[in-house]
Amino acid sequence: MSTYLPRLRATASGIGLCLALLTTGIAQAQATRPTASMQVPSHVVQRGDTIQGISKKLGIPASQWEQVALYNKLPQTQHVPGVGTRIHAPLHLLPHSLATAQLVKTVGDVRVDGQPVHAGVRLGENARIQTQPGSSAVLQLDDGSRVQIMPNSVAQIVENRHYPARDDSGKVVNWFASKLRLAQGALEAAVNKISPRAKPLEVETTTSMIGVRGTRFRVASADQYVRADRAEVLEGTVNNENTWKDSDILLHAGEGAVVDPNLEAMQAVKLLPAPMLQPVQDAITLPEAVWTFPTQADAKAYRIIVSGDPDYDTIYSSALLAGPAMDMRPFGEGQWYLRVRSVDGQGLEGLDADTQLQVKAAPNLLELASVYQANDFRPVLLWKRTLLKKPLPNETQPRVEVQVFHDASLTSPVSQMLTQDNHKEIVLPQLAAGTYYLRVTASHVQLHEPELQTYVLHWPGNTRHTGYHVLLDYLPR
């Protein structure tokens, strides 16, 4: 387990989850078995049967016999199996019709096959979806299942198709099958539980295969912080199989597992409980805007997901944090929805705690700040009163200082610090027409630390031609 950094940018399960190392066609064949109720072509070997004859009865070209043998786990792939052996047709070799998936939500920079896209586009097989940092997408499959592709992730639609076959009653049904490949990052999904599914929804990573039927789950591929694939079960019961080591384990809702392809033994780990959060948090104010929450026992890190809606369809950030504090400054003003999980020592993410948080703009430090031109043509900064976050007792006034800069980064000063005690105006140096930045500081012995704010001055050079005062806007930091 790698050490967590102070802030890391950068998740996956149900009935029949299979976690397998993908190295040969055996893993692919085992992963494509149909459901018990789907009637695929099969044949019981008779005396005198040939590979060509069996293939014809299954409706599969004889050239694909090796795939048939692997799928049925036959001991020899080039010989006719023993009399009485039932041979099933591999699902992926049967006739099918292609389906499309739809991007129903996009946030920020989302690309398909390298081209920017927006919500509404429909995607076929082999489409490669990439979300940049600060971006996300919701993919809806043809059976109604929804997959949330988290920020800084790459996912590909490997398979998305319908197989016409008969159900137990003999009725022809279009059985659905879909497979995604997660090359980078994380995804979360809610799988349709009632759709006729030819096989579990599959999510393939570099070292594992997760097959999911009727559940909510998370999948995260191995990365520089947790060097193993992870699966977390939120609903249902899962059989977690590592076919490379021929081992498996049963996972229930609220459990997860880390798959190490070098180890045969796997362990079901109880996910950490949801952090104790109030449904609504007290508003925080820019420019500081750092939100903190209570620590949780056994948590080694925290996953914080920031969304613009309560359904978490518009995700702007999925951050891994070393401590219980989230910097909300990059998101600006607004109502934000936060999902918090505790992360254990293996990198498994716990149960969700959802809350909402309002981020407010900082009030103007100087009320009705403006600049006018004095009789000697020098600009004068004027304001009504100083609005501190924590007012001083007995209407005591703070000391106000201002320094003028050419640039927003405050690295090219026009003047030294200018001070006017216990008054509501400060004379500025002579300024040519242009844009300037005024760094205002309010201090007092009873303040724990000075309060700072930056104002933008669009100075025309002569206010007599544009009005008596030029009002200022503060620049959020």
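User: In this predicted model, how many bridges join strand β14 to β17, and do the strands run parallel or antiparallel?

Analyst: Pairing is read from the bridges between two strands. Here β14 (residues 186-190) and β17 are antiparallel, with five bridges between them.

User: Which way does β17 pair with β18, and over how many bridges?

Analyst: Those two are antiparallel as well, joined by four bridges. On this side, Arg218 has Glu232 of β18 as its bridge partner. As for burial, β17 (residues 216-220) has four of its five residues buried, so the strand is mostly covered.

User: Is Glu232 buried or exposed?

Analyst: The cut-off for buried is under 20% relative accessible area. Glu232, in strand β18 (residues 229-233), is buried because its value is 2%.

User: What does the side chain of Glu232 reach, and which side chain does it join in a polar contact?

Analyst: A polar contact needs N or O atoms within 3.5 Å. The Glu232 side chain makes one of 2.9 Å with the side chain of Arg218, and it also reaches the backbone nitrogen of Glu349 at 2.9 Å.

User: Which phi value does Lys73 have?

Analyst: The general idea comes first: most residues other than glycine have a negative phi. Lys73 is not a glycine, yet its phi is positive, about 55 degrees. Lys73 sits in the loop between α3 (65-71) and β3 (86-88), and is exposed at 56% relative accessibility.

User: Where does Asp113 lie?

Analyst: Asp113 is in the loop between β6 (110-112) and β7 (115-116). Its phi is also positive, near 55 degrees, in a residue other than glycine.

Key: Residues numbered from 1 in each chain as written. Predicted model: local features only at pLDDT ≥ 70, side-chain atom pairs only at ≥ 80, totals over all residues. Heavy atoms only, no water. Buried < 20%, exposed > 50% of the residue type's maximum accessible area, 1.4 Å probe, protein only. Polar contact = N/O pair within 3.5 Å; in protein donor to acceptor, adjacent residues only side chain to side chain.
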